[in-house]
Amino acid sequence: MPVFYGREVASPLMLGTAQYPSPAILAEAFRRSGAGIATVSLRREGAGGAGAAFWQLIRDLDVPVLPNTAGCHSVREAITTAHMAREVFGTDWIKLEVIGHPDTLQPDPFGLVEAARILTEDGFKVFPYMTEDGILAGRLLDAGCEVLMPWGAPIGTGIGLMNPYALRTLRAQFPDVPMVIDAGLGLPSHAAAAMEMGFDAVLLNTAVAKAGDPAAMAEAFALALRAGQMARKADPMPPREMASPSTPQIGLAVLA
Amino acid sequence: MKITVNGAPHEIAAESLHDALNELGYAEARVATAVNENFVPSSLRADHRLEPGDRLEILAPMQGG
């Protein structure tokens, strides 16, 4: 199972907590999938005290929480949000998002590195949401990150692994760094493919929460992750260009 | 004094951040605070004096991806 900053988690499935039809369905999705981490956020607290009810729901899930800095477009916003999240959630883990463009939600690599360095110096354990760029990965490791979270595709698209070549390269370039495919997955087969490539975990939300049956989809992702993980360990055959018969040629009858 | 709380104008009697949270009904709430875009830890709320026009953000746990 994946180990992040010295802590082993129970599953390679990291599941978001937003957009579910109801709190009960959210809880059922976590129960059926055995997700190892719940991602959470901070928003303005209204008079209704929605935050307290949500906090209780999260506590009942009994999994580690990973707060995010979703919606932050500047280093300053992300750092302030991270500090607020650390106090509220009681964890120094932070999923660092510094968004570079409101339409693509593409991470701002320059702001990301700066924020990661500052937060690491402040004692945070940073999980950076990043593009699949290998140079950026190196800079984030230099900044103190011990986990990398390259995107599969832009948040909420469900496209899957849009740049498999770059992801394979990234995995090969940093074989010992825990890596999570974060965002853009739509189907369990995308998650299986990520594990077959050697990634350690996936982080997703919309693909489960917006499925017709979120709990069943969460379980399907968990099964796919297990299959992909097992396939990776089983050492897949290398692909080849030309056909090669699997049935033996020796002993073939001469009937023509 | 007049301050802004989560983007809406408020008139409060409290002078410290700690007292303002009590006055606004957040005494027992699990929240984090920022004043004028700067994080104020809960341990410093009692000593943090508010000024007219301050912008107070009160954030709580919420769903996220």
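Okay, buried area first: that's the accessible area, taken with a 1.4 Å probe, that two parts lose on being put together, summed over both. The size of an interface is often given that way. For chain B and chain A, the figure is about 2200 Å², with 59% of it on carbon and sulfur atoms.

Some housekeeping. This is a predicted model, so local features need pLDDT of at least 70 and side-chain atom pairs count only at pLDDT 80 or more, while totals for chains, interfaces and linings use all residues. Residues are numbered from 1 along each chain as its sequence is written, chains are lettered from A and ligands numbered from 1 in the order in which they are written, and side-chain values use heavy atoms, leaving out hydrogens and water.

Back to the two chains. Chain A puts 26 residues into the contact and chain B puts in 24, where contact means heavy atoms within 4.5 Å. Between them there are two salt bridges, meaning a side-chain nitrogen of Lys or Arg within 4 Å of a carboxyl oxygen of Asp or Glu. One of them joins B:E57 to A:R44, with the closest N and O atoms 2.7 Å apart.

Which parts of chain B touch chain A? β3 (32-35), β4 (38-40) and β5 (55-63) of chain B each supply at least two residues. These strands are DSSP runs of E, at least two residues, numbered from the N terminus; helices are H or I runs of at least four. β5(B) gives the largest share, seven residues.

β5(B) also crosses over to the other chain: it runs antiparallel to strand β4 (residues 37-44) of chain A, joined by five bridges. Two strands pair if DSSP finds at least two bridges between them. Within that pairing, A:V40 sits opposite B:Q63.

Now chain A by itself. There's an open sheet of three strands here, in the order β6-β7-β8, with parallel pairing. Its edge strands are β6 (93-96) and β8 (149-150), each pairing on one side only. Strand β7 (residues 125-130) pairs with β8(A) over two bridges, and A:M130 has A:P150 as its bridge partner.

A:A183 is in the loop between β9 (180-182) and α7 (188-196) of chain A.
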